[in-house]
Amino acid sequence: ALLALLLASGASAKEEPADYHWRNVAIGGGGFVTRIVFHPQEKGLAYARTDVGGAYRWDAQADRWEPLTDWIGAGDSNLLGIESIAVDPSAPQRVYLAAGTYLNDRAGNGAILRSNDRGRTFQRADLPFKLGGNEMGRGNGERLAVDPNDGRVLFFGSRGKGLWRSENAGANWSPLESFPAVASSDSAGVQTS
């Protein structure tokens, strides 16, 4: 009788599956998050890029996304569209942003923003063409890459001006003439990944 009672009580006390509640991730900024880039060597180091709202770094201690581009003023607001993010696999403190929102005539040219302190401060290298952080194909992949064998070498696949290379960690850029610019318009271009 005791065994029957235990079996009966076990059957009625069957565990219900826990409900899972989906919620939005709070970024604390604006724009559509077009990509999250994780550092391949450091757990928890991640960056998010948006089409019009700048870039962010995940702060695990504070459990929130830290804005990295709030220093950009109104005169450079075109740089708030982040077309690509790249991290240096051998140097977790280095992060690069390809910044430029629009391809239209009113928008200024893009820039590569480089940081040696995880995005707390940046240096700027202006590009001679526009970027499209808020254009078609903005979520297709990364256009900016760091050579894993030499962190000083970076590549940028532009939308309409071919493949570009930097040999000094993003300070200066030049086109790779030997690589054909396969794009027939500024919408697709060359991508590094």
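Phe129 and Trp164 are both buried in this predicted model. The two residues form an aromatic pair of the tilted kind, with 5.0 Å from centre to centre and 55° between the planes. Because Phe129 belongs to the loop between strand S8 (123-126) and strand S9 (144-146), whereas Trp164 belongs to strand S11 (residues 163-166), the pair ties together parts that lie 35 residues apart in sequence. The structure holds four aromatic pairs, and ring pairs link Phe156 with Phe129 and Trp164 into a cluster.

The strand arrangement was examined next. Four strands make up an open sheet in the order S5-S6-S7-S8, with antiparallel pairing. Strands S5 and S8 stand at the edges of this sheet and have a single partner strand each, so that one side of each is left without a neighbour in the sheet. On average, and with direction ignored, neighbouring strands of the sheet are turned by 20° against each other. In general, the strands of a sheet pair through backbone hydrogen bonds, and this pairing is either parallel or antiparallel.

Within this sheet, S7 has S6 as an antiparallel partner over five bridges, and S7 is also joined to S8 by four bridges, again in the antiparallel sense. On the side of S8, the bridge partner of Leu113 is Arg124.

The burial of S7 was then considered. Five of the five residues of S7 are buried, so this strand is largely enclosed by the rest of the structure. In a regular strand, the side chains alternate between the two faces of the sheet. In S7, Ala111, Leu113 and Ser115 point one way, whereas Ile112 and Arg114 point the other way, and all of these residues are buried.

The largest nonpolar core has 16 residues, of which Tyr47, Ile82, Ile85, Val95, Leu97, Leu113 and Phe122 touch the most other members. The elements that contribute two or more residues to this core are S5, S6 and strand S7 (111-115). Apart from this core lies another one, of 15 residues, which includes Tyr96, Ile112, Leu131 and Ala169. For Ile85, when residues up to four places away in sequence are not counted, the contacts comprise Val37, Tyr47, Ala48, Arg49, Ala55, Val95, Tyr96, Leu97, Glu142 and Leu144.

Ser90 is exposed, with a relative accessible area of 58%, in contrast to the residues of S7, of which five of five are buried. The side chain of Ser90 is joined to that of Asp88 by a polar contact of 2.9 Å. Although Ser90 and Pro148 are 58 residues apart in sequence, the C-alpha atoms of these two residues are 7.1 Å apart in space.

Notes:
Residues are numbered from 1 along each chain as its sequence is written. This is a predicted model: local features need pLDDT of at least 70, side-chain atom pairs count only at pLDDT 80 or more; totals for chains, interfaces and linings use all residues. Side-chain values use heavy atoms; hydrogens and water are left out. Rings of Phe, Tyr and Trp (its six-membered ring) pair if their centres lie within 6.5 Å; planes under 30 degrees apart count as stacked, over 60 as edge-to-face and the rest as tilted. Buried means under 20% relative accessible area, exposed over 50%, partly exposed in between (1.4 Å probe, protein chains only). A polar contact is a pair of N or O atoms within 3.5 Å; within protein, one must be able to donate a hydrogen and the other to accept it, and residues adjacent in sequence count only if both atoms are side-chain atoms. A nonpolar core is a set of buried Ala, Val, Leu, Ile, Met, Phe, Trp, Tyr and Cys residues joined through side-chain atoms within 4.5 Å. Contact means heavy atoms within 4.5 Å. Two strands pair if DSSP finds at least two bridges between them. Axes are lines fitted to C-alpha atoms, for helices over the stretch in contact, and angles run from 0 to 180 degrees between N-to-C directions.
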